[in-house]
Amino acid sequence: MVRKYTSLRSLAVIGVASLCIVACADCDADGWDRRFKYDWRIDLKDGATAGHSIAKGEDGRVKIVVTRPRAAYSPRMGNLRTIVVPKGETVLSKPLVLKSGEELFFEDGAVLKADAASKDFPVCGRKDSLERPLTWLITTEPGATNVAIRGSGVIDANGTEMFARGMLASSVVPHACDGFVMEGVTIVDGNFWTVTPVRSRNISIRDVAVLNDVDDLRENDAFDVCECTDVTVENCLGVSRDDSFSTKTWSGHRGQVAAKWHGGPLPLERVVFSKCLAWTRCAAFKIGDGVVQPQRDVVFRDSRAFGCRHGVRYSHTCGLAETKGVVFENIHIDSWDNVRGPFGWLDIAPVENGVPGELTLRNITVGVKSN
């Protein structure tokens, strides 16, 4: 059965076209839609031993096992100067700032682990809702060009311990740069916005996994693109308690998240998320909760949400700028929190004062509700 909606009155100033909800008749025995092909797959199994796990030992939590084809990575992408993280554990005790023409390369089996006890991570802002200052683990020098992070290793943000010690940390922050590539790396245990491009251009993020806690740590978003232009996030996995994939245009008011962002506030334009997989207690794919500057031509496509509160969220709050050309298409939502009713998979929060907004929902597939 297919139900088609050409308009929803509650959307007020937002135009909606081609919203299509279909029954999950094409799912295989495990609930995965046969029409969608992904490199990522989440298998929920008790006592699983393969892959990465966010379970907390023997406390009965379900483990997440991530499987994907192993890509072969080699250092020295083009003419970049290469900084190698060797196999084994390397401790990160202060921020790693990448300059123009530098590549951070992770050997297979490499782990770069943040030292939660270090006093050498500078304060880069504050999140009042969490009552903690924040820092950045890996970032770029403002004005840097042609920077890369690649390989098949792990960034262990050590976020649980850092949070207990009173500090938030974003794991990777491409900051005021032009030309940034991130491929293949896995990030675990982030306690704040994990991969966060800020006021940058020409960003490509591919085959990156973020595996954060889904129960305890709040505001540990997996991928947040902030005030950037020409960004592609493709074939990535976002597991987090807070939003998995989102865009924001924030403000630079002192003492908050954007306090140390280089330059003045910028709009966000031409951002595409594709072939991504999300598992979250909040929104899987979201625009907003920060629309202080305009957001234009933002597309979420060919992606999947699992076990989320909202599969799709359009939140024109925390700011009154326009949104234009926002598209969610070919999104499969396997399950969602049904506390808010049968349409809990979709959350739209338009402002009431007539701020311009354009939103298109197309080919949204909704599966079985969770309890």
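Student: Hi! Which strand does D289 lie in?

Tutor: D289 lies in strand β26, residues 283-291. Strands here are DSSP runs of E with at least two residues, numbered from the N terminus. This is a predicted model, where local features need pLDDT of at least 70, side-chain atom pairs count only at pLDDT 80 or more, and totals for chains, interfaces and linings use all residues. Residues are numbered from 1 along each chain as its sequence is written, and side-chain values use heavy atoms, with hydrogens and water left out.

Student: Got it. Is D289 buried or exposed?

Tutor: D289 is buried, with a relative accessible area of 18%. Buried means under 20% relative accessible area, exposed means over 50%, and partly exposed is in between (1.4 Å probe, protein chains only).

Student: Which side chains does the side chain of D289 make a polar contact with?

Tutor: There is one with the side chain of R313 at 2.5 Å, and another with that of K286 at 3.0 Å. A polar contact is a pair of N or O atoms within 3.5 Å; within protein, one must be able to donate a hydrogen and the other to accept it, and residues adjacent in sequence count only if both atoms are side-chain atoms.

Student: And R313, what does it stand opposite in β30?

Tutor: R313 stands opposite D347 there. Strand β28 (residues 310-315) and β30 run parallel, joined by four bridges. Two strands pair if DSSP finds at least two bridges between them.

Student: Which way do the residues of β30 point?

Tutor: L346 and I348 point one way, D347 and A349 the other, and all are buried. In a regular strand the side chains alternate between the two faces of the sheet.

Student: What is the strand order in the open sheet of five strands?

Tutor: The order is β20-β23-β26-β28-β30, with parallel pairing. β20 (223-226) and β30 stand at the edges with a single partner strand each, so one side of each has no neighbour in the sheet.

Student: How many bridges join β23 to β26?

Tutor: Four bridges join β23 (residues 245-249) to β26. One of the pairs is F245 with F285 in β26.

Student: New topic: where does V185 lie?

Tutor: V185 lies in the loop between β16 (178-183) and β17 (186-188). V185 is buried too, with a relative accessible area of 0%.

Student: What is V185 in contact with?

Tutor: Leaving aside neighbours within four places in sequence, the contacts of V185 (heavy atoms within 4.5 Å) include F106, I149, R150 and D207. V185 and R150 are 35 residues apart in sequence and 6.3 Å apart in space, C-alpha to C-alpha.
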